[in-house]
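This report considers helix packing and charged side-chain pairs. Please consult the sequence and structure shown here.

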Amino acid sequence: MEKSDEIKLVDQVKQGDLMAFRLLVDKYKTMAFHIAVQIVRNVEDAEEIAQDAFLNAYQAINRFKGESKFSTSLYRIVYNLADSKTRKKKIETSHIDETEISDYEIAEAYEEYSAIEKEEKTSHLMEAINKLKEDES
């Protein structure tokens, strides 16, 4: 799409013509999705980013001056959203070597688990005995 055609569509959108915006969406939805998926490497996130990018573009359409193509502005919005999503998904990790776990803590945890397991077995056994009729016990 030529820059002049885009500017005409943008002007129509500024005047409230939603069909003009739909033409822009139809023209650039594949581009927006492909840019997003290349960055975030996740189809669902890329779809969400593409939708958000068009929403952001629509909300900011009155600030569009036409100095560049609409697709250039949309590309920038998609890139920024995808980059932001990628940064948010980074999880802080630490190596297990950095965590101090003593043998004493492990042994203590195992003993507590064994005690709980024994209590549960005893509880289930007592429950079963209590359900027996007097002549069966």
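## An exposed arginine and its partner

R87 is exposed, at 51% relative accessibility, where buried means under 20% relative accessible area, exposed over 50% and partly exposed in between, with a 1.4 Å probe and protein chains only. R87 forms a salt bridge with D83, the closest N and O atoms being 3.0 Å apart; a salt bridge is a side-chain nitrogen of Lys or Arg within 4 Å of a carboxyl oxygen of Asp or Glu. D83 counts as partly exposed, with 27% relative accessibility. Both residues belong to helix α4 and are four residues apart, about one turn of the helix. Helices are DSSP runs of H or I with at least four residues, and are numbered from the N terminus.

## Basis of the model

The model is predicted, so local features need pLDDT of at least 70 and side-chain atom pairs count only at pLDDT 80 or more, whereas totals for chains, interfaces and linings use all residues. Residues are numbered from 1 along each chain as its sequence is written, and side-chain values use heavy atoms, with hydrogens and water left out.

## Other salt bridges

Side chains of opposite charge can pair when their charged atoms come close. The count of salt bridges comes to six. One of these pairs joins D26 and R22, with the closest N and O atoms 3.9 Å apart. D26 and R22 are four residues apart in helix α2, so about one helical turn separates them. D26 is partly exposed at 37% relative accessible area, while R22 is exposed at 52% relative accessibility. R22, D26 and K29 are linked in a network of salt bridges.

K85 and E48 also meet through their side chains in a salt bridge, at 3.7 Å from N to O. This pair links distant parts of the chain: K85 is in helix α4 (residues 70-89) and E48 in helix α3 (residues 43-59), 37 residues apart. K85 is partly exposed at 22% relative accessibility, and E48 is partly exposed at 38%.

## Packing of α1 and α2

Helix α1 (residues 3-14) packs with helix α2 (residues 18-40) at an angle of about 135°, their axes lying 8 Å apart. Axes are lines fitted to C-alpha atoms, for helices over the stretch in contact, and angles run from 0 to 180 degrees between N-to-C directions. The two helices are therefore oblique to each other, since angles under 35 degrees count as roughly parallel, over 145 as roughly antiparallel, 65 to 115 as roughly perpendicular and the rest as oblique.

E6, L9, V10, Q12 and V13 of α1 make the contact with A20, F21, L23, L24 and Y28 of α2, contact meaning heavy atoms within 4.5 Å.
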